[in-house]
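Please open the model in your viewer and keep the selection tool at hand.

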Amino acid sequence: MDRNSTIGLLLITGLLFVYFQFMAPSPETLKTPEKPKTSTSAPAAAKIENAKAVTAIDSAQKELLVKRFGKFASAIGNSNQVVSLENEVVKIDFNTQGAKLKLVTLKNFKTYDGKALILADSINSKLELSIPTPTGLFNLSQLTYTPTLTATSLSLRANISANEYIEHVFSFKDKNSYEVNYTFNSSLAAGSLTNEAAVLSLSTKVSRTELDVAQQKITSTINYLADEEFDKLSESSFDEEKAELEKVRWVSFKSKFFVLGVINEGLFTKASIKQKADEKDSVVIKNFDAQLQIPSNQLAKTSLKLYFGPNDIKKLDGVSESFGENVYLGWPVIKHINRYFVYPVFELVKGIGNYGLVIILLVLVLKLVLLPLSYKSYLSMAKMRVMKPETDALKEKYGDDMTKIQQESMKLYQEVGVNPLSGCVPMLLSAPFLIAMFSFFPNLIDLRQQSFLWAHDLSSFDSVYTLPFKIPGYGQHVSLFTIMMTLSTLAYTWMNNQVSTVQGPMKTMSYLMPIMFTFVLNSYAAGLTFYYFVSNIVTMAQQYIIKYFVDEDKIKAKMEENRKKFAAGGGSAKKGGFMKRMEEAMKAQEELKKQQKGK
């Protein structure tokens, strides 16, 4: 060590000795001061918590705030509290800094993996009101509010001056309601606001709540009622979708089984809405955004309604005009069948508890109602079966001349008094009920997370095996209910083909269709494929029973009687409208054929 280093160390040692000997604080002054004792009694508002210290704002900062925000600067601070408004089914947390939504939790629901279902949060969601001032729109989320919480409502007030304030008031409709009344009050002096519209900004990034991400994506969209007409943005599109609307009563962000909506019975004058999604993103389902204009004449007291809850017909009906349309029940005719027939029947039988048994009971009730149509359809097939030897003889006689076969077949049907399409009419009348289930079960929230047999969630696909690879158009999982549905459909098709006169490609197609639906329905709700499976079993049993009430010998005897009457009339019996049109069409076809041969 050199001389300079030695001298330096000696000086440092000397300084430390002097400090600790003469200048260091005594042990008593180093003790941490005791914290003031807190009361053990419950706070007056137990739902107000997490208060942060207010940072003092010096005169220079105040001057800058006044220049930027004018009179509103007096209500701008750095304090924040979390205030909770809740009832039996929803808990809504607000930040007093900006009166912003912090969390919206649905108490009676969980995500597919058992976590709390958060419908909105401060990171991914926004509900903000901007009011028109002489210097432009002022976003009220920049203010700091004082909360007042009662058993039924929450007031967030910002005092602008001694006589001016801005207040947001939230209250539930009742203890079990998902509707929140939102009132905006202000007592701003004349000239503080212009006649321009205020803007309510509503946006959210929809989080994954269901097992099947793909299905949740293609069933999530923005719905709205504008100009008294219900409409929506495309559900299946992942590109940015936009719409500019006028006279808007409500806008909702729908995500398969849950809805975040805002309603203005006084109408929003205009609205700009947009949505976008990343098909590969398995965390964020879709991004929704709405800018809603509130007319200036509503600003003194604006009364809106918010809906945070399930996409459930029982809850949505009555919220506002057509708000129940958020539950998709199919095309217009199908929608009415589901709404006014299938759904009431489902509500009637669901009291037994187990939803697998409820589906079985629903099948039995609907099959009983449609029994007359099934009987007529089977009776028509029985007539065609009795006539099959004669129609086969015509095919053998005329070979490949299909026109001649059709003409002679029509004469034969007329002679024996049989309408070849009489069996199709009952099937066409009952088909809408079968199609209705395609929209009913996948959108029925009652089935969400309800288990039956090996299916853990009847509103999603039932997977009994995961393939080591993904099959295009089918997926990677194997749905057992879908396979059971396919096998039962093939069995039912085979049963029908034993008595049907259908031959050739049509007969082959009847076997291919069920296999094609195996691919289509593999990722659909297990409740739907289970319903179709049970329906097939009941239909086959129903036909087996009807068979004993249809005497084919009597049918044959009646046909012979009709043939004799027709012969006695010299072929002048009056033809039905359909038969007449068919005969005229065949004659025209024969004439055209002759003309083509003549050329």
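Select phenylalanine 109 and phenylalanine 258: both residues are buried in this predicted model. Their ring centres lie 5.3 Å apart and their planes meet at 85 degrees, so the pair is edge-to-face; the cut-off for that class is over 60 degrees. Now display the strands: phenylalanine 109 belongs to strand S4 (residues 100-110) and phenylalanine 258 to strand S16 (residues 258-276), so this pair ties together parts that are 149 residues apart in sequence. The structure holds 22 aromatic pairs.

Next, select phenylalanine 452 and phenylalanine 530, an aromatic pair whose arrangement is tilted, with 5.1 Å from centre to centre and 55 degrees between the planes. Phenylalanine 452 is in the loop between helix H9 (424-440) and strand S19 (465-471), while phenylalanine 530 is in helix H12 (residues 526-546), so the pair links parts of the chain 78 residues apart. Are these two residues buried or exposed? Phenylalanine 452 counts as buried because its relative accessibility is 11%, and phenylalanine 530 is buried as well, with a relative accessible area of 5%.

Continue with Tyr343, Phe346, Tyr355, Phe440, Phe441, Tyr531 and Tyr532, which form one aromatic cluster. Then select arginine 157, which lies over the face of tyrosine 165, at 3.7 Å from the ring centre.

Finally, turn to the surface and select Met509, Leu512, Met513, Ile515, Met516, Phe517, Phe519 and Val520. Together these residues form a nonpolar patch with about 680 Å² of accessible area.

Key. Residues numbered from 1 in each chain as written. Predicted model: local features only at pLDDT ≥ 70, side-chain atom pairs only at ≥ 80, totals over all residues. Heavy atoms only, no water. Patch = residues over 30% accessible without salt bridge, like charges linked within 9 Å, V, L, I, M, F, W, Y side chains within 5 Å. Areas by Shrake-Rupley, 256 points an atom, 1.4 Å probe, with all protein chains shown as cover. Salt bridge = Lys/Arg side-chain N within 4 Å of Asp/Glu carboxyl O. Phe/Tyr/Trp six-rings, centres within 6.5 Å; stacked < 30°, edge-to-face > 60°. Helix = DSSP H or I, 4+ residues; strand = E, 2+ residues; numbered from the N terminus. Buried < 20%, exposed > 50% of the residue type's maximum accessible area, 1.4 Å probe, protein only. Lys NZ or Arg CZ within 6 Å of the ring centre and 35° of its normal.
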